[in-house]
Amino acid sequence: MTPPGRETMLVVDDEEMVRRLAARILLGEGYQVLEARGGEEAVRVLQRNFQRIGLVVTDVAMPGIGGRQL
């Protein structure tokens, strides 16, 4: 059995269904989850929560700031 996660993850995707599904799965595994609808919002979330976020899960192709640039 895998121990539950304790870290905070940031999920970034411009497609709401994909973002919500990823967040739901991670929450079910015990992680704390923050969400952003795109790269610009993700930058703001990262600036406010930099010390808390252990991993960013992002879509690569998004309008504006894409996942690689993020």
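Which two side chains meet in a salt bridge at 2.9 Å, N to O? They are those of Glu 41 and Arg 37, where a salt bridge is a side-chain nitrogen of Lys or Arg within 4 Å of a carboxyl oxygen of Asp or Glu. The model is a predicted one, in which local features need pLDDT of at least 70 and side-chain atom pairs count only at pLDDT 80 or more, while totals for chains, interfaces and linings use all residues. Residues are numbered from 1 along each chain as its sequence is written, and side-chain values use heavy atoms, with hydrogens and water left out.

The overall fold comes next. The protein chain has two helices and three strands, taken as DSSP runs numbered from the N terminus (helices: H or I, at least four residues; strands: E, at least two). Along the sequence these elements follow the pattern β-α-β-α-β. With a radius of gyration of 12 Å, close to the 11 Å that the globule rule gives for 70 residues, the protein chain is as compact as a globular protein of that length; the radius is taken over C-alpha atoms, and the rule is 2.2 Å times the number of residues to the power 0.38. Along the principal axes, the C-alpha atoms fill a box of roughly 40 × 25 × 15 Å. Of contacts (heavy atoms within 4.5 Å) between residues at least 6 apart in sequence, 57% join residues at least 24 apart. The protein chain exposes about 5,000 Å², with carbon and sulfur atoms supplying 53% of it; accessible areas come from the Shrake-Rupley method with a 1.4 Å probe, and for residues only the protein chains shown count as cover.

Buried residues make up 36% of the 70 residues, buried meaning under 20% relative accessible area, exposed over 50%, and partly exposed in between (1.4 Å probe, protein chains only). In soluble globular proteins, nonpolar side chains tend to be buried together. The largest nonpolar core here has nine residues: Leu 10, Val 12, Leu 34, Ala 36, Ala 42, Val 45, Leu 46, Ile 53 and Met 62. Such a core is a set of buried Ala, Val, Leu, Ile, Met, Phe, Trp, Tyr and Cys residues joined through side-chain atoms within 4.5 Å. Strand S1 (8-12), S2 and helix H2 (39-49) each give two or more residues to this core, and the largest share, three residues, comes from H2. Val 45 touches Leu 10, Leu 34, Glu 35 and Ile 53, not counting residues up to four places away in sequence. Apart from this core lies another, of five residues, among them Met 9, Val 11, Leu 26 and Val 33.

Returning to charged pairs, a search of the whole structure finds four salt bridges. In the Glu 41 and Arg 37 pair, Glu 41 is buried, at 19% relative accessible area, whereas Arg 37 is exposed, at 55%. Glu 16 and Arg 20 form another salt bridge, their closest N and O atoms being 3.8 Å apart. Both lie in helix H1 (residues 16-28), four residues apart, about one turn of the helix. Glu 16 is partly exposed at 47% relative accessibility, and Arg 20 is partly exposed at 43%. Arg 20 also forms a salt bridge with Glu 35, with the closest N and O atoms 3.2 Å apart. Because Glu 35 lies in strand S2 (residues 32-36) and Arg 20 in helix H1, the pair ties together parts that are 15 residues apart in sequence. Glu 35 is partly exposed, with a relative accessible area of 29%. Glu 16, Arg 19, Arg 20 and Glu 35 are linked in a network of salt bridges.
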